[in-house]
Amino acid sequence: MFSRVETLKKRADFLRAARARHTATPGFVLQMRQRTDTAGPVRIGFTCSKKVGNAVARNRAKRRLRALAREVLAEHGRPGCDYVLIGRLEKTATLPFDRMLEDLHAALRKLHGTSA
RNA sequence: GCGGAAGGUCGGAUGACCGCUGCGCCGGGGCGACCCGGCGGGGAGGAAAGUCCGGACUCCGGAAAUCAACGGUGCCGGGUAACGCCCGGGCGAGGUAACUCGACGGAAAGCGCCACAGAAAUGAAACCACCGCGCCCCGGCGCGGCAAGGGUGAAACGGUGGGGUAAGAGCCCACCGCGCCGGUGGCAACACCGGCGGCAUGGCAAGCCCCACCGGGAGCAAUGCCAAAUAGGGACCGCGCGUCGCAAGACAGGGCCGUUUUCGCCCGAGCAGGUCCGGGUUGGCAGCUAGAGCCCCCCUGGCAACAGCGGGGCAAGAGGAAUGGUCAUCGAACCGGCAGCAGUGCCGGGGAACAGAAUCCGGCUUACAGACCUUCCGCGCAC
RNA sequence: CGGAGCGUGGCGCAGCCUGGUAGCGCACCUGUUUUGGGUACAGGGGGUCGGAGGUUCGAAUCCUCUCGCUCCGA
């Protein structure tokens, strides 16, 4: 791991990422924003609205998204980028983990390819 | 065996790999705050929920008593830090029973309301009917008596039976109900017994209210500190220019919870006291987890809730918010098939309810697939 | 996390405190007026009062529980 991974905490950062590039898969929505400091750390945020369910369902969805990000974005994340993973109703908690890993790789290829 | 009642416990399990977090230790780096790595042992619930009550704690302007307003509680006694909670008792209701349920003070302190229907909805009164007398066209009318019967309504001024009467009526009597007085038992709610009154007193207090008791307000996003940044601002309010003294200070005087009183504190010639606006910061640390703590056992007191002594055990502290992710095995409910009179057994599928700590405790309420334990009641059968 | 408030026809609101009739505006339907439409006038339909339980003879209204939504506080 050559770049540190930080957690996104500010509401303003989430709003900026929401206006940037995004792509959707059955299990989640991925947003990506290239910051001005291109050598900075990779930053990741997680969002689950009340639409996902009650507190138990929201926490479980966020934990699965965090596990996905730890496996993929730590190595394939681009420095100086903010990523936001958004949970979806039912699917985020129930889809097979391998399928979501593939989807995340595909989503990263799509966003990196178009923004390069 | 079937059906039921009460109380309690648990609420998926095991393993592997990869992670998060705070605590302790070790090593390294840094002047330091701290950062990195390794190891060890912790890491969601019975409701963590709803936020419906009661506290602890903190601030508001310090405390006690009192009155008023407002809010709450409401049979009696006890338990508790406290409670609207718990335990025991009383009364009422339901059930064959075990047992369960009850916002369960006062309607002769006062005000208000009781739609429609009905003669009349609480001062009493009288539509039909009943009875007596009078009159006539023999069916009614007039006067008087009466309130038992009819009809209306959720509710009609005690109920049943007998006597009585022109017809009736607590008009009289017995029993029941109600009220009052006395006695006995009980701390009390209340119960029982005796006597008296002839009955006056409809319902609603989850309408106002009366009585008794309780409560100052706001809340951990409280509050305190540090750093950074902006400003060194503006407006208003409070009291004021007293006496003695060289001064410190003291005394007048003033201020401090809605009222009053007592004490206490503050000001007392600038105090730089308070409030608001404007501007800045949306960082860090503390509060922050050991306290009326929970559980188990023995003993003592108590019917019990509970209290006391002793012993043992357990106790997460996050902060865009950790307590997990993936895989494998085992697996309850449920579904299907086969066997059996049945309890059930075997095979296959299936893959776990409600739900996530946010300052902390004591309760209540609500949600919940199922599994297990103890005690008790009724019925049936056998002895 | 803590604290306030609101749920009534399709939409926006009264009525609730002080219990017996659910009302107003826009919208909708029908008719008249017009060559037709709009406008105007007349008439009409449509509401489990968020849900459950209780108090009462009777609940949109009073009480308790519950569901959903909105706002405020460092």
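Which helix holds arginine 66? Select that residue first. Arginine 66 sits in α2, the helix spanning residues 55–76. Keep in mind throughout that this is a predicted model.

**Stop 1: arginine 66**

Show the surface around the side chain. Arginine 66 has a relative accessibility of 43%, so it counts as partly exposed, between the 20% and 50% cut-offs.

**Stop 2: the nonpolar core**

Select Phe28, Leu30, Leu68, Tyr83, Leu85 and Leu104. In the largest nonpolar core, which has 21 residues, these six touch the most other members. Next, colour the elements that give two or more residues to this core: strands β3 (28–34), β4 (42–47) and β5 (81–87), and helices α2 and α4 (97–115). Which element supplies the largest share? Helix α4 does, with six residues.

**Stop 3: leucine 104**

Centre on leucine 104. Hide its neighbours within four places in sequence. Leucine 104 is then in contact with Phe28, Leu30, Leu68, Val72 and Leu85.

**Stop 4: the cysteines**

Select cysteine 48 and cysteine 81. Are they buried or exposed? Cysteine 48 is buried, because its relative accessible area of 12% is under 20%. Cysteine 81 is also buried, at 0% relative accessibility. How many disulfides does the structure hold? The count is zero. A disulfide would be a covalent bond joining the sulfur atoms of two cysteines.

How values were computed: Residues numbered from 1 in each chain as written. Chains lettered and ligands numbered in written order. Predicted model: local features only at pLDDT ≥ 70, side-chain atom pairs only at ≥ 80, totals over all residues. Heavy atoms only, no water. Helix = DSSP H or I, 4+ residues; strand = E, 2+ residues; numbered from the N terminus. Buried < 20%, exposed > 50% of the residue type's maximum accessible area, 1.4 Å probe, protein only. Disulfide = S-S within 2.5 Å. Core = buried A, V, L, I, M, F, W, Y, C linked by side-chain atoms within 4.5 Å. Contact = heavy atoms within 4.5 Å.
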